[in-house]
Amino acid sequence: MVMLVCCGKLSCKCSMDIMVVVSGCWVSSGRLFRKIMAEIPYSPANDLQFLHQDFVNVLGVPTHIVTSGRWLDEPLPDNDPGRFLILFIPGNPGALEYYIEFIKALYEGLQRTIPIWGISHAGHVSAPPGCTVPKLQENENLYSLEGQIHHKMAFINTYVPRDRRVILIGHSIGCYVVLELLKRLPHIQVIRCFLLFPTIERMSTSPQGQWVWPMLTYLRLPALISVYALSYLSPQMQCRLLEWYFKDRSIPECVLNASLNLFQPDCAKLCMHLAKDELENVTTLDVDNIRENLSRITFYYGANDNWCPYSYYQDLKEIFPQGDIRLDKNNFEHAFVLENSKKWSSSFRLDT
């Protein structure tokens with residue numbers, strides 16, 4: 001299968017190019033796409049085919065952005081009475097491409113009426129040739145959990161119009177980031193927050209956290225050595241490895257494309273760095289913050305989620321019996337984007 005994906009104009013002064021995905025692998029194909037795009041008139045009815053991916057510079061890091069509806073510098077419609085904008089914050093790994101099927105399905109389910117912007121985590125997506133990415137060794141704070149929060153704050157302060165009524169959606173550790181944004185950006189008109197499979201407390205003592213902690217503590221170096229070795233494989237071989245790994249699952253192409261970033265040592269290192277920081281610092285539930293913003297927050301827990309287990313759902317319901325705290329009964333896994341993006345978006349109620 002061959003498909004074209006627009007990479008747009010790169011803010012970090014990289015060359016304009018188009019990427020062709022062949023059997024899930026990215027290869028370069030030149031500058032023809034700019035001419036093709038110029039010949040297709042823009043209209044709201046074409047929004048879905050104009051799903052836009054690009055890199056912008058946020059705090060000195062080339063950051064992968066995905067939008068559906070309008071690109072960052074395209075004017076939002078003046079005749080929109082709601083003036084809504086959805087901002088999506090991913091989990092870890094924080095490559096937005098994992099969520100493309102979800103974003104497209106959600107946008108379509110909203111009758112293409114509300115623009116959706118998604119921002120990847122700093123350093124979790126391999127930057128295009130010519131872009132410089134700050135190294136972890138000299139910028140540990142930039143890529144920590146606190147650094148990722150500041151990264152999202154900088155993006156919002158730079159790109160989100162002040163007159164927009166913002167709906168924040170977070171997945172996994174993205175939910176923790178959303179809660180922090182509520183506290184730290186009071187000038188933004190956040191009207192609703194939707195927290196999907198929220199890792200917002202006791203991460204290291206969760207069933208999955210207890211399993212991941214020793215790996216990140218004692219086996220991180222062997223894991224990185226393996227990534228360095230695999231990074232020398234051709235993209236075609238990396239794709240075949242991913243297809244073998246997911247051979248018994250119906251994985252969309254966007255997941256395969258996003259997973260290719262994990263063959264890049266720098267990306268893998270930054271994902272591990274963030275994961276260890278999450279386990280160390282996401283401990284106590286921010287009860288005061290949730291209480292202050294409870295009327296704006298909807299929580300979605302999984303019935304069989306080893307990152308935020310059923311007991312966490314019960315505890316939150318006990319603390320906030322009046323809160324909008326929901327339990328998914330469809331047995332979707334924590335990483336729902338692997339197979340169930342469309343099904344999850346159809347069961348996900350975006351009440352504003």
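This is a predicted model: local features need pLDDT of at least 70, side-chain atom pairs count only at pLDDT 80 or more; totals for chains, interfaces and linings use all residues.
Residues are numbered from 1 along each chain as its sequence is written, and side-chain values use heavy atoms, with hydrogens and water left out.

Strand β5 (residues 61-68) runs antiparallel to β7 and is joined to it by 4 bridges; strands pair if DSSP finds at least two bridges between them. Helices (H or I, at least four residues) and strands (E, at least two) are DSSP runs, numbered from the N terminus. Strand β6 (residues 84-89) pairs with β7 in the parallel sense over 3 bridges, and here Ile86 stands opposite Ile116. Between β6 and β7 the chain passes through helix α2 (residues 100-109), making a right-handed β-α-β crossover. Strand β7 (residues 116-119) is covered on both faces: Ile116 and Gly118 on one side, and Trp117 and Ile119 on the other, are all buried (under 20% relative accessible area, with exposed over 50% and partly exposed in between, for a 1.4 Å probe and protein chains only).

Now to the rings. The whole structure holds 10 aromatic pairs, counted when ring centres of Phe, Tyr and Trp (its six-membered ring) lie within 6.5 Å; planes under 30 degrees apart are stacked, over 60 edge-to-face and the rest tilted. Phe88 and Tyr99 have ring centres 4.8 Å apart and planes at 55°, so this pair is tilted. Because Phe88 lies in strand β6 and Tyr99 in the loop between β6 and α2, the pair ties together parts 11 residues apart in sequence. Both residues, Phe88 and Tyr99, are buried. Ring pairs also link Phe88 and Tyr99 with Phe102, Phe197 and Phe336 in a cluster.

Helix α10 (residues 265-281) includes Asn281, which is partly exposed with a relative accessible area of 43%. The C-alpha atoms of Asn281 and Glu201 are separated by 8.9 Å, although these residues are 80 apart along the chain.

Helix α10 also gives the most to the lining of the largest pocket, with 6 residues. In all, 44 residues line this pocket, and Asn92, Pro93, Trp211, Tyr245 and Leu262 lie nearest its centre. A pocket here is an open set of points on a 1 Å grid over the protein atoms alone, where a 1.4 Å probe fits, with protein on both sides within 12 Å along at least five of seven lines; lining residues have an atom within 4 Å of a point.

How values were computed:
A crossover is right-handed if, with the strands pointing away from the viewer, the path from the first strand over the helix to the second runs clockwise.
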